[in-house]
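Reader: I would like to go through this model feature by feature. Please give the general idea each time, then the case at hand.

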Amino acid sequence: MSFAKFLRKKGFVRSWRVSDVLIYGINPVLEALRAGRVKELRVSERAGGRVIDAVKSANRTGIPVHRVTPGELDRLTQGGVHQGIAAELRPIERYDVTDLVRGAREAPLIVVLDGIEDPHNVGAIVRTADAAGADGVVRQSRRAAPLDGVAAKASAGAVSHVKIADVVNIARALEELKEAGVWTVGLTGDSGKRLDQVDLTVPIALVLGAEGTGLRRLVRDRCDWLASIPMKGHVQSLNVSVAAGIALFEVVRQRSRS
């Protein structure tokens with residue numbers, strides 16, 4: 001039995017249909033409201049502060065707002081840190097690799113996730129991609145982390161703004177990027193070429209592998225370049241979301257100088 005059906009059976013949700021796209025927390029909900037993606041709000045009876053700002057925003061655009069008990073929100077968000085608010089979203093717009101390249105404002109900057117499934121890491125990477133002005137994120141649809149709940153909260157709402165293309169095959173997506181004139185750079189700790197030695201002012205796709213396993217062989221072989229982040233300390237690895245942040249802002253640094 002799905003969680004949505006369980007809630008309905010137990011009477012936890014009455015007038016509001018549980019959506020597959022549910023986010024919670026003040027920042028994710030406010031960003032979703034700004035992006036025009038919210039269908040309905042669920043707000044705790046005792047909520048105040050910035051939650052009131054979200055309610056006012058919803059009222060201005062005619063979005064239904066329902067007051068519920070804190071316990072109902074706890075059950076709806078499965079114990080997530082909801083901060084007194086949750087939102088049901090409209091279906092996310094679908095993109096493909098070509099859409100991301102064509103929609104680039106300048107030289108394309110795209111992030112490719114190879115096997116990264118942890119929603120905290122996915123959310124953090126999306127947040128940094130938004131901050132760095134990336135044109136989108138590519139990920140494999142199979143076993144992909146849902147972009148609601150934990151990932152939305154970790155992204156501080158950036159999932160409502162960043163274009164995300166779900167693809168069947170990452171290696172094939174890299175070929176599509178190359179055909180569109182985008183150079184692919186795989187991050188790997190064993191490369192003798194440092195990231196700052198790669199020209200990142202050209203159209204670039206940064207390819208990130210999962211922690212522990214790194215880039216899969218076929219994906220690694222498809223990359224135009226392999227590059228490493230220089231490490232000087234005792235620990236010779238970084239959290240993948242941290243590595244993504246370093247790489248993205250190395251692109252920003254090089255492009256701001258060119």
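Reader: Is Trp183 buried, exposed or partly exposed?

Author: First, the basis: this is a predicted model, in which local features need pLDDT of at least 70, side-chain atom pairs count only at pLDDT 80 or more, and totals for chains, interfaces and linings use all residues. Residues are numbered from 1 along each chain as its sequence is written, and side-chain values use heavy atoms, with hydrogens and water left out. Buried means under 20% relative accessible area, exposed over 50%, and partly exposed in between, with a 1.4 Å probe and protein chains only. Trp183 has a relative accessible area of 40% and is therefore partly exposed.

Reader: Which residue forms an aromatic pair with Trp183?

Author: A pair of aromatic rings is described by the distance of the centres and the angle of the planes. Rings of Phe, Tyr and Trp (its six-membered ring) pair if their centres lie within 6.5 Å; planes under 30 degrees apart count as stacked, over 60 as edge-to-face and the rest as tilted. Searching the whole structure gives one aromatic pair. Its members are Trp183 and Trp225, stacked at 5.1 Å centre to centre with 15° between the planes. The pair links distant parts of the chain, 42 residues apart: Trp183 is in strand β8 and Trp225 in strand β10 (residues 225-227). Helices (H or I, at least four residues) and strands (E, at least two) are DSSP runs, numbered from the N terminus. Trp225, at 26% relative accessibility, is partly exposed.

Reader: In what order do the four strands of the open sheet stand?

Author: Strands of a sheet pair through backbone hydrogen bonds, either parallel or antiparallel. Two strands pair if DSSP finds at least two bridges between them. Here the order is β1-β4-β2-β3, with mixed pairing. β1 (22-24) and β3 (65-68) are at the edges; each has a single partner strand, so one side of each lacks a neighbour in the sheet. From one strand to the next, the twist averages 25°. Axes are lines fitted to C-alpha atoms, for helices over the stretch in contact, and angles run from 0 to 180 degrees between N-to-C directions.

Reader: How many bridges join β2 to β3?

Author: Four, and the two strands run parallel. Within this pairing, Val43 has Arg67 in β3 as its bridge partner. Helix α3 (residues 50-60) packs on the sheet and touches β2, β3 and β4 (85-89), its direction making about 145° with that of β2. Contact means heavy atoms within 4.5 Å. β2 also pairs with β4, in the antiparallel sense over five bridges; there Glu40 has Glu88 in β4 as its bridge partner. Six of the seven residues of β2 are buried.

Reader: Where is Arg37, and is it buried or exposed?

Author: Arg37 is in the loop between α2 (26-34) and β2 (38-44). Its relative accessible area is 11%, so Arg37 is buried. Not counting residues up to four places away in sequence, Arg37 touches Val21, Ala32, Glu88, Leu89, Arg90, Pro91, Ile92, Val159 and Ser160.

Reader: What is the phi of Gln78?

Author: Most residues other than glycine have a negative phi, and most peptide bonds are trans. Gln78 has a positive phi of about 55° although it is not a glycine. Gln78 is in the loop between α4 (70-76) and β4, and at 58% relative accessibility it counts as exposed. Gln83 is also in the loop between α4 and β4 and has a positive phi, near 60°. At 40% relative accessibility, Gln83 is partly exposed.

Reader: Which backbone nitrogen does the side chain of Asp118 reach at 3.0 Å?

Author: A polar contact is a pair of N or O atoms within 3.5 Å; within protein, one must be able to donate a hydrogen and the other to accept it, and residues adjacent in sequence count only if both atoms are side-chain atoms. The side chain of Asp118 reaches the backbone nitrogen of His120 at 3.0 Å. A polar atom of that side chain also lies 3.0 Å from the backbone nitrogen of Asn121. Asp118 is in the loop between β5 and α6 and, at 34% relative accessibility, is partly exposed.
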